[in-house]
Amino acid sequence: MKENIFLAHLLVFFIYFIGLYYLFKIIFLLTKNRLLSLLTALFYGINFTHIFQLYYLATFQDMAIFTFLCLSFYNLLKDKRISPIVFFILALLSKETAILFVPFLILFKLFFNKKISWKRLLPYIVLGIIFALIYQYSLRYVTTLDNYKINFNPRLIINNLMWYFLWSLGLPNFMPDYIISIFKPPISEFGKLIINFPNVKIFLYSLLIYFGILLVSIFVYLIENKKRIMEFFLITIFLLSGFLIFIGPIAFFQHKWMVRLALPLIFISFIQSFGISLLIENGQLKKMVGSFLIGLYIFINILGVSIHESSSTFQFESRITKNALKYLSNNKIEILKHKYIYFKDSDKKDFNPWGESKKLKVTLGDQNFIDHYFPGSKLKAVYGFEDKKIPKDAYIINSFDILLL
């Protein structure tokens, strides 16, 4: 048996690059500023948070909604009639958060483009309402899960919004584990993290330098160009409002995941690109500072990719599935002589790294792997953490034989 998902990943990246191209075209159409358009597409395109949308095929929907909404918005701005609605429907079929495109369009009309009539927006509003009703049925079941129960606790909402914003600025995905409260210093384990992982230390210092220089430089620029303060203020308010629109509903859930930054990140990328483009276009010294910030941003996100590859479960999950493929294929003939596969955990007390059979149940999809590796068989998997008693006629697999193969 041989697995090859190259074509699947190729499709994901193809859709992603189409979205990036139209993100560039949208900003250029609105601003007529090629530098700003290129910078925004670059800053968004190389951001390390995309590993959560590009590595895992199950999150392809986040790349699909990004691309289809970019296509819809661009065609709407070009005054097309049918194609923007078609692309909006495709976005709605990709993920329920596409509904939030409707309040964004209303926000955009109120802030910048009074030429877009309410009549033009009516089909989007109607489609948004229809799909909200459709998705309400499925969400009713999803929100019964503990991590996805809607919670109106103000502390939870503020905490979620804060962390999604800080993640969009570049803080690593694991920082909430070390900063329990913004009013308290990080826990002691954070010091050990910095000592044991110097790449994290370099990453955080680089991020601090980047934003320190960026904020000071923009402040100096605005002091020197007071006439542009109001323009910069209004654009920033619009972009932060756009960020809140697309991240808003997620703030009510306990579960937080960087994958949900696929759309909100556009606005944060634009803010940074807008500030740096102002520097580059105004004097040699500011141009050097802006160029340095671009290089530093690229460095931060290259380093961020490697850090998040190791800190997330993608590589670990991939290794487990490859190990399972190798082990089950090598022992397939013998396994098929039995009625059960029993994943046995270690007998050592208080020794349960990675969850052993509990982890395998999640990665292998409980019984789902049976149909994949042993199609047509009546085998049943039993996991040691659920049942300590080994069934009769069971083929026993030590959990570590797959976790550590």
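## Helix α4 and Asn 75

Helices here are DSSP runs of H or I with at least four residues, numbered from the N terminus. The model is a predicted one. In it, Asn 75 sits in helix α4, which covers residues 60-77.

The dimensions of α4 can be checked. The helix has 18 residues, and at 1.5 Å a residue they should span 26 Å. Most of α4 is covered: of its 18 residues, 16 are buried. After the helix comes Asp 79, with a positive phi near 65°.

Is Asn 75 buried or exposed? Its relative accessible area is 9%. The limit for buried is under 20%, so Asn 75 counts as buried.

The side chain of Asn 75 has two polar partners to note. One is the backbone oxygen of Leu 71, reached at 2.7 Å. Another is the side chain of Ser 83, at 3.3 Å. Beyond four places in sequence, Asn 75 is in contact with Lys 80, Ser 83, Pro 84 and Phe 87.

## Phe 88 in helix α5

Helix α5 spans residues 83-94 and contains Phe 88. The relative accessibility of Phe 88 is 0%, so this residue counts as buried.

Which residues does Phe 88 touch, leaving out those up to four places away in sequence? They are Leu 69, Ser 72, Ala 98, Phe 101, Val 102, Tyr 124, Leu 127 and Gly 128. Phe 232 gives a distance across the model. Phe 88 and Phe 232 are 144 residues apart along the chain, and their C-alpha atoms are separated by 30 Å.

## One face of helix α9

Helix α9 runs over residues 189-196, and its residues Phe 190, Leu 193 and Ile 194 are buried. Viewed down the helix axis, the buried residues fall within an arc of 95°, so they line one face of α9. The general rule is that an α-helix has 3.6 residues a turn, so residues three or four places apart point the same way.

The face of α9 turned away from the buried side carries Ile 195 and Asn 196, which are exposed. The cover over the buried residues of α9 includes α10, residues 198-224.

## Asn 323 in helix α14

Asn 323 belongs to helix α14, residues 314-330. Its relative accessibility is 8%, so Asn 323 counts as buried. The side chain of Asn 323 reaches a backbone oxygen, that of Ile 402, at 2.7 Å.

In general, strands of a sheet pair through backbone hydrogen bonds, either parallel or antiparallel. Strand β1, residues 340-344, runs parallel to β2 and is joined to β2 by four bridges.

Definitions and conventions
Residues are numbered from 1 along each chain as its sequence is written. This is a predicted model: local features need pLDDT of at least 70, side-chain atom pairs count only at pLDDT 80 or more; totals for chains, interfaces and linings use all residues. Side-chain values use heavy atoms; hydrogens and water are left out. Helices (H or I, at least four residues) and strands (E, at least two) are DSSP runs, numbered from the N terminus. Buried means under 20% relative accessible area, exposed over 50%, partly exposed in between (1.4 Å probe, protein chains only). A polar contact is a pair of N or O atoms within 3.5 Å; within protein, one must be able to donate a hydrogen and the other to accept it, and residues adjacent in sequence count only if both atoms are side-chain atoms. Contact means heavy atoms within 4.5 Å. Two strands pair if DSSP finds at least two bridges between them. The expected span of a helix is 1.5 Å times one less than its number of residues. The arc is that of the directions from the helix axis to the C-beta atoms.
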